[in-house]
Amino acid sequence: MAGVAGNLTITATDLSGSVVPSYVGSITFSSSDLAASFASSGNHTFLSSEAGVYLATNAVTLKTAGVQTLAVKDLAKATVNGQLSVTV
């Protein structure tokens with residue numbers, strides 16, 4: 001729903017889809033919705049205690065109706081990334 005903050009679960013996985021519990025990189029969020037807002041300035045550094053899985057509560061508010069893309073990428077390694085499409 002447009003204008004409502006939503007949760008995101010970000011899971012660090014390898015190419016076979018297995019969770020990488022040792023991942024401790026820093027990530028940034030972005031969206032195709034130019035009006036979107038992100039909590040925590042849209043960044044997070046994985047802690048070893050998170051074991052590769054981060055639950056971002058009220059992490060993003062999408063504001064533009066239609067299909068939008070959410071993307072996550074590692075700040076140090078651009079090839080470590082992922083995205084998904086959502087309908088607002």
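Mentor: Let's begin with S37, which sits opposite T61 in β5. A quick word on terms: strands are DSSP runs of E, at least two residues long, numbered from the N terminus, and two of them count as paired if DSSP finds at least two bridges between them. Bear in mind that this is a predicted model, where local features need pLDDT of at least 70, side-chain atom pairs count only at pLDDT 80 or more, and totals for chains, interfaces and linings use all residues. Residues are numbered from 1 along each chain as its sequence is written, and side-chain values use heavy atoms, with hydrogens and water left out.

Now back to T61, because in β5 it is also the bridge partner of A5. Strand β1 (residues 5-11) runs antiparallel to strand β5 (residues 53-61), and six bridges join them. Put together, that gives an open sheet of three strands in the order β1-β5-β3, with antiparallel pairing. Its edge strands are β1 and β3, each pairing on one side only.

There's another open sheet too, this one with four strands in the order β4-β2-β6-β7, again paired antiparallel. Here β4 (43-45) and β7 (81-87) are the edges, each with pairing on one side only. Within this sheet, β2 (residues 26-31) pairs with β4 in the antiparallel sense over three bridges, and S26 stands opposite T45 in β4.
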